[in-house]
Amino acid sequence: MQKPLGAEISHALKARGVEVIFGIPGVHNIEMYRGIEEAGITHVLARHEQGAGFMADGYARATGRPGVCYLITGPGFVNAMTALGQAYSDSVPVLALASCLDETSARRGQLHQMRDQKLAGATVCDWSEQASDPAAVYRLIDRALGEFASSRPRPKALHVPIAALGALADPAPAVPPRPERAHLTHYQIYAVIDALSEAEKPLFVFGGGAVAGAADVPALLQQTGAACFTTYAGRGIVPPGHPWSFGSFLARPDSARVAAEADLVVALGTELSEVDLWRDELGHQGRMIRVDLDPEVLSGLRAGDLGLIGDAAALIRAMTIAIPARNDDRPPCWDAEMVAATRARWRAEVMAERPGIVEVAEALRDVMPAEAMIYSDMTQFAYGAKEIWDMPRAGHWHHPCGYGTLGYALPAAIGGAVARPGLPTCAILGDYGLQYTLPELGTAVELGLPLPILVWDNGSLGEIRDSMVGAQIAPNAVVARNPDFLALARAYGAGAVEPASLAGLQRALLEAFEADGPTLIRMTPALI
């Protein structure tokens, strides 16, 4: 039996594994809401479309499945574009479904009209397409889900005219098979193994694209004798305290010296971008092998380097199986005492650059549940913590790395908490970033999420202030009058507390995980 296309879309998504949709209904997209409950999908009401996009992002990062958001024409879609841009830079599978006007060339002055909604979406998404009939809508949904599964996952935007959403449509066709990710050939795998066995001082760099291979990384390091770094997105791939791990200190300028000591660098699932290194080059002098799903990442290789398109996690697994068949484990190629001393020196640098943050971060780390998933914002606290906080599990700390959007942490953590009921989820953000998406606290209260919201309140745009001072610019426009965050949280119906000591902070965090709703925990430099 036919239903309006808006309802059929929800049924099609449900048949394809979608369980949750984030969004805000509006006059232009109400047909998309006709079939949500009937299809058995949970809808989470955001307070702003940007929040809906970030929630879909947080859900996708927590589950590895696509996050979906429903948006209205024009301003609703544009409001979500910041979140879609973040998902693009951080390789997050988000599908944005938006209503759009039926005709914009001959008519002007329509509600929510913009010059080119589809083109606007293309600036922040992998692709942005308009579909005017049911068959095209279903094909594009399947195309998006297939590409999420088989290639570098990045957001897609699908725009459907209002009239088409309300028109009767046949149900979506049966769910098609999805393509698999590219895997390296037998020859390519052994090319990497041969290079590692021939190297005297091999060095791995594990990025977010290698997270799925974390369980096999200790064996790989043992078999190859290699040392390693992780990017911020790759933290947790290497167990905390591993003797040959330089940690997530790639942004330390001195890490270039370490890279130069290696005669082979194997970079797995990482762009080695500016936000990974905070310099133009890694600093290596020897050969590099790079493995990534995205061919663009492999551009810029030097003579003698090797770039391979494939799944980095699958390669890690294949190597741990193939290497023992060839020879015994190699002795360590790096001095563990040197690695430990280097890490200690870099930790001291972070302490000097960001007074108080290391002590607070380590106090939180010591009591944070091992299965906790953390979402952080663009804040000084996160910048310092990401360097010194070793994660016990891969893929459990999410940060808006590439696009660098303020306001990410709270709505993204809500999406993550929705994705993982019964498991601990935590948000870490600064006093300024909190105010970007503070209304989403209402969603967390509405859902009864036991979500600790750790707010580093230094009363200023601290990172910008310090950058101005470093550039010999008189600090300007970096101090704003903050509201009473505790009172605001209580006004929304959330818990609120300001611990007076590190021990009190630890207690507050653990109590927040057991609460029947979110708890805002205000942290200030006075904690130290």
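Thirteen is the count of aromatic pairs, 13 by the rule that ring centres of Phe, Tyr and Trp (its six-membered ring) lie within 6.5 Å. Planes under 30 degrees apart count as stacked, those over 60 as edge-to-face and the rest as tilted. The model is predicted, local features need pLDDT of at least 70, side-chain atom pairs count only at pLDDT 80 or more, and totals for chains, interfaces and linings use all residues. Residues are numbered from 1 along each chain as its sequence is written, and side-chain values use heavy atoms, without hydrogens and water.

Phe381 and Trp456 form a tilted pair, 5.4 Å centre to centre with 40° between the planes. This pair links distant parts of the chain, 75 residues apart: Phe381 belongs to helix α15 (residues 380–388) and Trp456 to strand β17 (residues 452–456). Helices (H or I, at least four residues) and strands (E, at least two) are DSSP runs, numbered from the N terminus. Both Phe381 and Trp456 are buried, where buried means under 20% relative accessible area, exposed over 50% and partly exposed in between (1.4 Å probe, protein chains only).

Trp389 and Trp397 form an edge-to-face pair, 5.0 Å centre to centre and 80° between the planes. Trp389 is buried because its relative accessible area is 2%, and Trp397 is buried at 6%.

One aromatic cluster is formed by Phe229, Phe246, Phe249, Trp334 and Trp346. Over the ring of Trp334 sits the charged end of Lys201, 4.5 Å from the ring centre. Such a placement requires NZ of Lys or CZ of Arg within 6 Å of the ring centre and within 35 degrees of the ring normal. Lys386 lies over the face of Tyr232, 3.8 Å from the ring centre.
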